[in-house]
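Please look over the structure shown here and read the walk-through that follows it.

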2 protein chains.
Amino acid sequence: MPSAGLLVIGNEILSGKIVDTNSPFLAGQLRELGVDLERILVIPDVVDTIAEETRRFSEAYDHVFTSGGIGPTHDDVTMEAIAQAFDRRLLLDDQICARIERTQQEPLNDAMKKMAFMPEGASIIDVSDLWFPVIVLENVHILPGIPQLFEKKFNSIRDRFAGVPIHLKRIFVTRHESEIAEDLHALLREFSELMLGSYPRIGEPDYRVMLTLESRDADYLKRAAEALCARLPSEVILRVE
Amino acid sequence: MPSAGLLVIGNEILSGKIVDTNSPFLAGQLRELGVDLERILVIPDVVDTIAEETRRFSEAYDHVFTSGGIGPTHDDVTMEAIAQAFDRRLLLDDQICARIERTQQEPLNDAMKKMAFMPEGASIIDVSDLWFPVIVLENVHILPGIPQLFEKKFNSIRDRFAGVPIHLKRIFVTRHESEIAEDLHALLREFSELMLGSYPRIGEPDYRVMLTLESRDADYLKRAAEALCARLPSEVILRVE
């Protein structure tokens, strides 16, 4: 299965000033696509750090996504860092300059021009109605930190990342984890390929634990869910979704 | 200044099934305390991965926090992994066994007993009204994934992490980033120690960019904010907080 890593770049997340919504969005999207997201890493706006982690992620995962640090201000250093990661020069792109000028309808100042620099050899993918494209270098997809733009841009390149989707069943139970742990172990002995999660919740009025059963094989999942339901006393199971 | 790293352990976050609220909570808390959070890393429930990243984080940062993977089920492997990270044995702790028995008022089953295993040499910190303590090994603080418990346990050990608090001013401006970027550069030439963030927002009715100015020196911050306000045309500044 294709694997993926997400690098979230921004002091504002590490300092708790802004809540990162791009990670849960991308995690959900990749799950739907059947791509295995293996790491989410939040790092500061520091060129050497971004470059080093980009290199590591690029080697470790099939697809890498970055979020943030591509605007016109001093703290936007992602392009420079990604160029450094792959030992490329950062070059002014005439095509992007022309787009910015068309959008702004005025000559570029230095800040706007900064957004037209990109790593040598990067690909430019047009995004329907946005003037700024998605930049891709090797297997690294460079996305903006602003959630509306992150989501719009990801949606425009989504089809490139098809895996084999994972089927999911949720079973909500009314007992504590420690009371059902042995049944879960037994289930895994019978269905060793099953992805089985157990998530206790506090403050839910009706259930104690949400179990998630997942598989890329819908029939295998169905049989595993039936086996678990047969194993647990019926009054323990609140509902299956 | 003390530094910190947070390891979030859980397939449920990487698969988008559960949104991680522990990271923004801890980021905000550490900021208030003046501890520099340098990394947040989300990893799957895999023993070798958790062990390797725990070792790396423990060497890199003054304080390490882990979230998740300490319950009684098959997917709770954090204790085992942290023991492996520091080459310690995992031992059954009689004191914790006794606590669990007192709380449950029945003999321990295997699942409950699993929660009483901890790495040799770990410290046990009591948390007021919770039966399960916080376990600390070297500089690694092992916290649960359930948000209510994560927050309660962190609050109970919060005083151990005093740094020098950072003062913050927010300035909301009505221009695009590219129109104020040069003013921000000039400000940083004058106040090179200032932590300056620039965060464009889409969909805000009144402002285009939130600027954050931060410093551990309240007077330095005040002078920097005044210098920026003097530099920007007054109609550009919507409000200062």
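How many residues does helix H2 of chain B have, and how far does H2(B) reach from its first C-alpha to its last? The model is a predicted one, and in it helix H2 of chain B, residues 22-33, has twelve residues. From first C-alpha to last, H2(B) reaches 16 Å, close to the 16 Å expected at 1.5 Å a residue. Several residues of H2(B) are buried: Asn22(B), Ser23(B), Leu26(B), Ala27(B), Leu30(B), Arg31(B) and Leu33(B). Because these residues cover an arc of only 160° around the axis, they lie on the same side of H2(B). Within chain B, the buried residues of H2(B) pack against strand S1 (3-9), strand S2 (36-43), strand S3 (63-67) and helix H7 (147-157). They also pack against helix H1 (11-14) of chain A. Just after H2(B) comes Gly34(B), with a positive phi of about 85°.

How are the two copies placed relative to each other?

Now take chain A as a whole. Chain A has nine helices and twelve strands. Its C-alpha atoms fill a box of roughly 70 × 35 × 35 Å along the principal axes. The radius of gyration of chain A is 22 Å, whereas a compact globule of 241 residues would have one near 18 Å. Buried residues make up 44% of the chain. Among contacts in chain A between residues at least 6 apart in sequence, 68% join residues at least 24 apart.

Helix H8 of chain A, residues 177-190, has 14 residues. H8(A) reaches 20 Å from its first C-alpha to its last, close to the 20 Å expected at 1.5 Å a residue. Its buried residues are Glu177(A), Ser178(A), Ile180(A), Ala181(A), Leu184(A) and Leu187(A). In chain A these buried residues pack against strand S9 (167-173), strand S10 (195-200), strand S11 (209-215) and H9. In chain B, they pack against H6.

Glu235(A) is in the loop between helix H9 (218-231) and strand S12 (237-240) of chain A. Glu235(A) counts as exposed because it has 9 C-beta neighbours inside 10 Å. Its C-alpha atom is separated by 13 Å from that of Ile171(A), 64 residues apart along the chain. Glu59(B) is in helix H3 (residues 47-60) of chain B. Glu59(B) counts as exposed because it has 10 C-beta neighbours inside 10 Å. Between the C-alpha atoms of Glu59(B) and Asn139(B), 80 residues apart along the chain, the separation is 9.1 Å.

Definitions and conventions
Residues are numbered from 1 along each chain as its sequence is written. Chains are lettered from A and ligands numbered from 1 in the order in which they are written. This is a predicted model: local features need pLDDT of at least 70, side-chain atom pairs count only at pLDDT 80 or more; totals for chains, interfaces and linings use all residues. Helices (H or I, at least four residues) and strands (E, at least two) are DSSP runs, numbered from the N terminus. A residue is buried if 20 or more other C-beta atoms lie within 10 Å of its own, exposed if 12 or fewer, and partly exposed in between; C-beta atoms are placed from the backbone. The radius of gyration is taken over C-alpha atoms; the globule rule is 2.2 Å times the number of residues to the power 0.38. Two residues are in contact if their C-beta atoms, placed from the backbone, lie within 7 Å. The expected span of a helix is 1.5 Å times one less than its number of residues. The arc is that of the directions from the helix axis to the C-beta atoms.
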